[in-house]
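Let's take a friendly walk through this model together. Keep the viewer open as you read.

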Amino acid sequence: MTRNWDLIIFDCDGVLIDSELLSAEVLIELLAADGVEIDFDHVRRNFLGRSFPTVARHIREELGHPLAPDFESLYRARLLKRFEDELKPMPGIAEAVAMLTARGVPLCVATSSSPPRVARSLAIAGLAQALPHVFTASQVARGKPAPDLFLLAAETMGAKPARCLVIEDSLPGLEAAAAAGMTAVRFLGGSHLATATLRHDPALPLLHHWTDLPALLESLPAPEVV
């Protein structure tokens with residue numbers, strides 16, 4: 001069944017790496033130093049799966065807080081320091097990627113993270129060599145939940161959208177996959193979703209751990225022939 005897909009597209013944060021709690025903690029700490037109090041539920045509802053420019057716009061417009069010119073660079077530097085010290089790959093992801101590669105399935109990453117952040121994240125997690133094809137929101141006019149990033153990945157990799165499988169953890173990412181006409185699976189193995197009230201289509205296929213991937217792939221309907 002895995003050979004039937006033209007392309008499998010992974011999100012990065014919260015899918016390949018268990019990074020979302022670290023990202024949220026850094027953002028919450030920096031905003032608190034500026035007198036803006038938000039909690040993790042606010043981050044999860046409003047920021048998960050979105051690019052930093054979208055997050056910054058929310059802070060300015062919805063929270064009414066103008067960000068200092070150096071806020072983004074400070075956030076990125078502090079986050080990468082936390083990643084160096086604490087970032088872990090999702091359990092079982094290296095084995096899952098190796099299995100797909102051995103079966104000849106084309107793979108790529110499509111993420112809202114910045115190019116330097118995703119490059120360093122994959123290197124720390126030991127996944128950079130196995131996943132060399134990476135696309136970021138900086139390459140498109142509209143980030144998730146718009147389909148632009150996934151469509152760019154498919155076009156560049158020579159895949160038809162209807163024959164692409166997307167593995168995502170966030171609602172914006174799932175919406176982007178649907179808008180692109182791709183099949184989506186929601187990954188729920190990240191620590192940031194452990195206590196979440198999940199909102200998605202009840203029919204959506206779910207992946208709780210990377211060791212369950214082979215069985216899940218066998219359970220999915222074959223992609224249409226186009």
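Start with Cys-108, which is buried at a relative accessible area of 0%; buried means under 20% relative accessible area, exposed over 50%, and partly exposed in between, using a 1.4 Å probe and protein chains only. Before going on, note that this is a predicted model, where local features need pLDDT of at least 70 and side-chain atom pairs count only at pLDDT 80 or more, while totals for chains, interfaces and linings use all residues. Residues are numbered from 1 along each chain as its sequence is written, and side-chain values use heavy atoms, leaving out hydrogens and water.

A search of the whole structure finds 0 disulfides.

Next, look at the nonpolar packing. A nonpolar core is a set of buried Ala, Val, Leu, Ile, Met, Phe, Trp, Tyr and Cys residues joined through side-chain atoms within 4.5 Å. The largest has 51 residues, and Ile-8, Phe-10 and Trp-210 are among those with the most contacts inside it. Helix H1 (residues 20-33) gives the most to this core, with 6 residues; helices (H or I, at least four residues) and strands (E, at least two) are DSSP runs, numbered from the N terminus. Another core, of 21 residues, lies apart from it and includes Val-166 and Leu-171.

Now for the sheet. Its 6 strands run in the order E3-E2-E1-E4-E5-E6, forming an open sheet with parallel pairing; two strands pair if DSSP finds at least two bridges between them. At the edges, strand E3 (134-136) and strand E6 (206-207) each pair on one side only. Strand E5 (residues 183-187) meets E6 over 2 bridges, and Arg-186 has Leu-206 in E6 as its bridge partner.

Finally, turn to charge. The structure holds 11 salt bridges, each a side-chain nitrogen of Lys or Arg within 4 Å of a carboxyl oxygen of Asp or Glu. In one of them, Glu-168 joins Lys-144, with the closest N and O atoms 2.6 Å apart. This pair links distant parts of the chain: Glu-168 sits in strand E4 (residues 164-168) and Lys-144 in the loop between E3 and helix H7 (148-157), 24 residues apart.

Key: A disulfide is a pair of cysteine sulfur atoms within 2.5 Å.
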